[in-house]
Every structure is written in C-alpha cells, then in structure tokens.
Amino acid sequence: MRPLRLRYATGLALCLMLAAGPAWAQQQGTGGMQAGGTAYYTFARPGQNTIEVLVLGGQSGIYEVGENINMGQLVALAGGGRGGGRTNVTVRHFRLKDGKRRKILDQDLDEFTERAQYPSLQDGDVIRLETSQGWGWREVLQITTAVTSLTFTVLRIFDIGR
C-alpha cells in the first residue's frame, strides 16, 4: 500500500508543478517576467547595480533598472506618453520619507517633457501615470442626441405641443 500512496503523492506533486510553475513566472518578451499577475521588467546590463521602481499606469509593473536611469527614461520605458488627441497624462512621483510615502512630483506630461533635467530615482520609488480624456465633438454630439431624443419622447408621451 505504501508504494501506491507514494506514487499518488509524487504524481500529484508533479501535476501541481506543471500547472503552477508556468503560471508563477511567464516570460514577457525582452526583459520582462510575469510573476503572480504582476509584470516584472528588467532593464539593466549584467553586473550593473539596480533599483526597483513600481510603475502604476502606462505599462504597469515592477521595473528593475540600472541605478543611473532617470525618471524620464523610466516613463518612456513604461509607455507613459501613450496619450494622444484629447488624452491628458499626469506624472506623479512618490518616495518613502520618514516612514510615509510622500509625493515629490506632480506634473502634466507636456510640462514634464520640457524639463531640462529629470529627477533621479531611488529604490522603492513609485511612479504613477494617470490618463484622463477631454471632451471631443463625438462625446458632445452623443450627449446632444440623447438629450434631444429624450425631450421628444417626453413631449410625445405627455402630448405637449398639439
């Protein structure tokens, strides 16, 4: 009986390793790994000292980068400039100071790109890239059409204007 239980346990362990192993760490193309649902990107030369920075927004994930990389380069790696047209992108930089995470930069992407010098990064920094959409003619047209349709429906239901 004992060999049967051992075979069963070994088979179960092997099945779990085959099923859970690939899900835990999947290759994400050049320099990236998927670990438990969070993307992990590595952009450093072998042997180079690195730091880890969390990026939220853009291409979110944990970025392990060379310690000499600046914030402008990291925002470019994370796809922070993917706005376009009416899209506004805001760059926020948070750093741990005195046991609390404090905002040290809050700037529109257009102003951020015009900077003469980008802020340096430290291990544990958080970069947040927020996008917001402005109103275009399509949104205004959709709202106007809905309001007009609703108005005519109310007028017809209550037989107003006849």
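# Reading a predicted fold

Reader: How many aromatic pairs does the count come to, and by which rule?

Author: The count comes to four aromatic pairs, where rings of Phe, Tyr and Trp (its six-membered ring) pair if their centres lie within 6.5 Å, and planes under 30 degrees apart count as stacked, over 60 as edge-to-face and the rest as tilted. One of these pairs joins tyrosine 41 and phenylalanine 43, which are stacked at 6.5 Å centre to centre with 20° between the planes. Ring pairs also link Tyr41, Phe43 and Tyr63 into a cluster. Before going on, please note that this is a predicted model, in which local features need pLDDT of at least 70 and side-chain atom pairs count only at pLDDT 80 or more, while totals for chains, interfaces and linings use all residues. Residues are numbered from 1 along each chain as its sequence is written, and side-chain values use heavy atoms, with hydrogens and water left out.

Reader: Is tyrosine 41 buried or exposed, and how does phenylalanine 43 count?

Author: Buried means under 20% relative accessible area, exposed over 50%, and partly exposed in between (1.4 Å probe, protein chains only). Tyrosine 41, with a relative accessible area of 6%, is buried, whereas phenylalanine 43, at 31%, counts as partly exposed. Across the protein, 23% of the 162 residues count as buried.

Reader: How many helices and strands does the protein have, and in what pattern do they follow along the sequence?

Author: Helices (H or I, at least four residues) and strands (E, at least two) are DSSP runs, numbered from the N terminus. The protein has four helices and eight strands, and read along the sequence they follow the pattern α-β-β-β-β-β-α-β-β-α-β-α.

Reader: Which residues have the most contacts inside the largest nonpolar core?

Author: In soluble globular proteins, nonpolar side chains tend to be buried together. A nonpolar core here is a set of buried Ala, Val, Leu, Ile, Met, Phe, Trp, Tyr and Cys residues joined through side-chain atoms within 4.5 Å. The largest such core has 20 residues, and those with the most contacts inside it are Met71, Leu74, Val75, Val91, Leu121 and Ile127. Elements that give two or more residues to this core include β3 (38–43), β4 (50–56), α2 (71–77) and β8 (126–133).

Reader: Where does leucine 74 lie, and which residues does it touch?

Author: Leucine 74 lies in helix α2 and is buried, with a relative accessible area of 1%. Contact means heavy atoms within 4.5 Å, and, not counting residues up to four places away in sequence, leucine 74 touches Val53, Val55, Tyr63, Val65, Ile69, Leu121 and Ile127. The C-alpha atoms of leucine 74 and isoleucine 127 are separated by 9.0 Å, although these residues are 53 residues apart along the chain.

Reader: How many bridges join β6 to β7, and what phi does aspartate 98 take in their hairpin?

Author: Two strands pair if DSSP finds at least two bridges between them. Eight bridges join β6 to β7, which run antiparallel, and histidine 93 stands opposite leucine 105 in β7. Most residues other than glycine have a negative phi. Aspartate 98, in the hairpin with two residues between the strands, takes a positive phi near 55°, and at 74% relative accessibility aspartate 98 counts as exposed.

Reader: What span does helix α4 reach from its first C-alpha to its last?

Author: The expected span of a helix is 1.5 Å times one less than its number of residues. Helix α4 (residues 137–157) has 21 residues and reaches 30 Å, close to the 30 Å expected. Just after α4, aspartate 159 takes a positive phi of about 50°.
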